[in-house]
Amino acid sequence: MSTSGQGATRARIVAAFLRDGNKVLLCHRSPERRWYPDVWDLPGGHVEPGELPGAALARELHEELGIEAAVPAGPPMRQIRTDTFDMRIWLIERWTGAPVNVALDEHDAIGWFQESELGELRLAHDSYRAMLTEVLVVR
């Protein structure tokens with residue numbers, strides 16, 4: 001965890017734009033979740049103490065989706081900083097295995113979405129729509 005200037009602890013989060021052609025994978029957070037319930041979110045999660053962010057992303061993708069992805073070699077393509085969390089987001093286009101919802105206690109569904117379908121979704125963060133559109137348009 002990192003500490004902000006006022007001494008509040010912010011969670012360290014990693015996430016992925018998992019892209020397959022013209023679709024991106026999103027996870028629907030269960031309505032019972034304490035934080036950000038009943039919204040579509042990027043796969044990912046918390047960085048454990050002593051863990052590097054890229055390694056945390058590979059671990060989280062395995063735990064949530066059952067896939068094997070390499071630790072990202074470069075810096076994240078986006079970052080979101082709020083009073084409560086610091087999130088690093090990488091674009092992932094290669095992995096081994098077929099993504100399935102392994103984290104049933106966190107997500108009640110996963111799905112692949114095209115850019116034209118994003119407007120219908122309730123997303124976990126306001127900035128996601130523009131980022132997802134950019135990821136799907138830039139090829």
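# Reading the labels in this model

User: Why does Tyr 36 count as partly exposed?

Analyst: Its relative accessibility is 38%. Buried needs a value under 20% and exposed needs one over 50%, so a residue in between is called partly exposed. Tyr 36 falls in that middle class. Keep in mind that this is a predicted model.

User: Where does Tyr 36 sit, and what does Tyr 36 touch beyond four places in sequence?

Analyst: Tyr 36 is in the loop between strand S3 (23–29) and strand S4 (40–41). Once residues up to four places away are set aside, Tyr 36 touches Arg 29, Phe 85 and Ala 124. To be called a contact, heavy atoms have to come within 4.5 Å.

User: How do you know which class His 107 belongs to?

Analyst: Same test: 2% relative accessible area is under 20%, so His 107 is buried. His 107 is in strand S8 (residues 107–113). Among its contacts outside four places in sequence are Ser 30, Cys 27, His 28 and Glu 64.

User: What makes S6 and S7 a pair?

Analyst: A pair needs at least two bridges. Strand S6 (residues 78–81) and strand S7 (residues 85–92) have four, in the antiparallel sense, so they qualify. Arg 81 stands opposite Asp 86 in S7, and a hairpin of three residues joins S6 to S7.

User: What lines the largest pocket, and how do the residues split by class?

Analyst: The pocket has a volume of about 580 Å³ and 23 lining residues. Ile 13, Arg 29, Trp 35, Tyr 36 and His 46 lie nearest its centre. The classes come out as eleven nonpolar, six polar and six charged. Strand S2 (9–20) gives the largest share, four residues, while strand S5 (44–46), helix H1 (53–65) and S7 are also among the elements supplying at least two each.

User: Which residues of the largest nonpolar core touch the most other members?

Analyst: Of its 23 residues, that goes to Leu 26, Leu 42, Met 87, Ile 89, Tyr 128 and Leu 132. S2, S3, S7 and helix H2 (128–137) each supply at least two residues of this core, with H2 giving the most, five. Take Leu 132: outside four places in sequence, Leu 132 is in contact with Phe 17, Val 24, Leu 26, Leu 42, Leu 118 and Leu 123. Apart from this core lies another one of 14 residues, including Leu 65, Ile 67, Ala 69 and Trp 90.

Note on methods:
Residues are numbered from 1 along each chain as its sequence is written. This is a predicted model: local features need pLDDT of at least 70, side-chain atom pairs count only at pLDDT 80 or more; totals for chains, interfaces and linings use all residues. Side-chain values use heavy atoms; hydrogens and water are left out. On a 1 Å grid over the protein atoms alone, a cavity is a set of points where a 1.4 Å probe fits but cannot get out, and a pocket is an open set with protein on both sides within 12 Å along at least five of seven lines; lining residues have an atom within 4 Å of a point. Grid points are joined across faces, edges and corners, and a volume is the space filled by probe spheres set on the points. Ala, Val, Leu, Ile, Met, Phe, Trp, Tyr, Cys and Pro count as nonpolar, Asp, Glu, Lys and Arg as charged, and the others, Gly among them, as polar. Buried means under 20% relative accessible area, exposed over 50%, partly exposed in between (1.4 Å probe, protein chains only). A nonpolar core is a set of buried Ala, Val, Leu, Ile, Met, Phe, Trp, Tyr and Cys residues joined through side-chain atoms within 4.5 Å.
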